Amino acid sequence: MVVEGSMTQGAGQGPEMRTPTVRDFRVPAYVHEAGPYAQPPGPHPAPPGQYDRPAEPYDRSAEPYDQAADPYTGPPEPYVRSGSYAGVPPHGEAGVPAAEPEGYTPTERDLPVINRGDTVQVPVDPEAGQIPQPEEGPGPLYVVGDVHGYLDELVSALHEKGLIDLEGRWAAGTSRLWFLGDFTDRGPDGIGVIDLVMRLSAEAAAVGGYCKALMGNHELLLLGARRFGDTPVNSGAGTATFQAAWLLNGGQKTDMERLQDHHLQWMARLDAMELADGHLLVHSDTTAYLDYGDSIEAVNDTIRETLTRNDADECWDLFRKFTKRFAFRDDGGAQAVRSLLETYGGSRIVHGHSPIPYLRGEVGSEDGENSPPLAVEEPHVYADKLAIAMDGGVTMAGKLLVQQLPLDN
C-alpha cells in the first residue's frame, strides 16, 4: 500500500523503577556496518566516518569525551526468533552494570526484541465492518499502542476495527483515534507508519473525525539522533550520545535515510498528553510528566519549548525521563496514577511504552528461557483499575493493540 504524507496534525494531543531481571535488546547486525546515515545538522557537525567505525567498548566514565567510544559491548548477535530469551545476559553480567543509577538513563539496551523478520504477511479481513456512527456528537474513541515500525500489523489492526478500508483510507467517519507514540525503531518501516498516521489525520478531519498522536520516547530519540548525532551529552551515568542510544534501542538505518523535514516537524509538534472522555492519555507509565507542569497545556508547552531550544543536554534529559517505566505496576502504583489524575484530570490513565508481558510478570525473570510464548489479546487493566496498558509487545511477537474506550474490565 502506498501512503502519502500530510502535515495535518490535530490540536492537542511514585518512584520509577526498572526491575533488575528485565533483559536487554540485542544489537542488530547492521549497527556495525558502514552508513550511509544523514549527517546531523546544526552547530555540531559529526566528523567523517563516524558511522562506520568498528565496535569498541563504551567507557561511561571517560573524561574528556572519547569520540571513538561506542556503547556496544561485543560483536553483534543474531536476533532470537522464538519466544525464548536464551543467550541474553541478565543484568550484572559482562557489559551490563549490576545496578543502575537513580533515574535510569537509557545508555543501555532496553527491553528485548524478538525479531519477526523484515516483512510480515498480515491477513486483512475483507468482511471487517464499518463503525456505527452516532446521529449527533463525536464518534467513538479509539487508542493505538506502540507500533514500532510494524506497518503491516497496524494496517491489519485498524482495518479489523473498521477504522480504515481495504485501500487503507479512513473509513470511520466521526470516530476519534489516538496513537500513544513510538512509531519508529525496532520494526521494518517506521517512516511508513508516520506517513500513514499523517495521511489518516487529514482524511479523518475532512469528514468530522480525527486521528491524533502523542509524543513517545522513540520520537524524542529519533529527533535527537538526527539533530545531535554524536554530540556528547551529560547522561548522569557518564558520556552518552543520541546516536549511540538510537542504535542501541532499535534504530533502523532505513528510517534515518527516509526521514524528511516534514516528518521531523510533525514529530516535534506532538503533544505529550491529552484528556479524552475522562481518559488521561500518555505514552510512558511514569510520573515524570509532573516535572514539566501542573496542567496538560503547561506540560505540552514546556516540552515543545524544550525541543525548540535545540539544546542537546535539555533534550537528553527529556528523553531520559520519558524512558522511565513501571511507575504504576507495583506497591504504590495506584497512588502514582492518582497523583497524575489529580493533577491533570481524568478517571483513568491510558499508556503505552511498557509491554504488557512485563507488567503482568510473564517475562523478565531469571528463568525467562522457559517462559511460554507471549499471548496478548487485549489491554491490561491494573493499578486498582486506574491504569490501562496498551503496548501488546508487537516487537516481542505480541499483538499491536487497537482498543475502543471506555474499556470495562
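Aromatic pairs, then. The count comes to eight in this predicted model. A pair of aromatic rings is described by the distance of the centres and the angle of the planes. I'll take two of them.

Start with W178 and Y210. Their ring centres are 6.0 Å apart and the planes stand at 75°. Planes over 60 degrees apart count as edge-to-face, so that is what we call this pair. Where do W178 and Y210 sit in the chain? W178 is in strand β2 and Y210 is in strand β3, 32 residues apart, so the pair links distant parts of the chain. Both W178 and Y210 are buried.

Next, W316 and F319. Here the centres are 5.4 Å apart, with the planes at 70°, so this pair is edge-to-face as well. The setting is local this time: W316 and F319 both lie in helix α8, residues 312-322. They are three residues apart, about one turn of the helix. Buried or exposed? W316 has a relative accessible area of 1%, and the cut-off for buried is under 20%, so W316 is buried. F319 also counts as buried, at 1% relative accessibility.

Now some charges over a ring. The ring is that of F326. The charged end of R329 sits over it, 4.0 Å from the centre. R325 lies over the face of F326 too, at 5.8 Å from the ring centre.

Next stop, N217. This residue is found in helix α3, residues 217-228. N217 is buried, with a relative accessible area of 3%. Which side chain does N217 join through a polar contact? That of H353, at 3.3 Å. Leave aside neighbours within four places in sequence, and N217 is in contact with D182, H283, F319, F322, T323 and H353.

Four strands form an open sheet, in the order β3-β2-β1-β11, with mixed pairing. Which strands stand at the edges? β3 (210-213) and β11 (402-405). Each has a single partner strand, so one side of each is left without a neighbour in the sheet. From one strand to the next, the twist averages 20°.

Look at the β1 and β11 pairing. β1 covers residues 141-144, and the two strands run in the antiparallel sense over four bridges. L141 has L405, in β11, as its bridge partner. What packs on this sheet? Helix α1, residues 151-160, touching β1, β2 (176-179) and β11. The direction of α1 makes about 155° with that of β2.

And β2 takes us back to the opening pair: W178 sits in that strand, with Y210 in β3. That's the tour.

Definitions and conventions. Residues numbered from 1 in each chain as written. Predicted model: local features only at pLDDT ≥ 70, side-chain atom pairs only at ≥ 80, totals over all residues. Heavy atoms only, no water. Pairing = 2+ DSSP bridges. Axes fitted to C-alpha atoms, helices over the stretch in contact; angles between N-to-C directions. Contact = heavy atoms within 4.5 Å. Phe/Tyr/Trp six-rings, centres within 6.5 Å; stacked < 30°, edge-to-face > 60°. Buried < 20%, exposed > 50% of the residue type's maximum accessible area, 1.4 Å probe, protein only. Lys NZ or Arg CZ within 6 Å of the ring centre and 35° of its normal. Polar contact = N/O pair within 3.5 Å; in protein donor to acceptor, adjacent residues only side chain to side chain.
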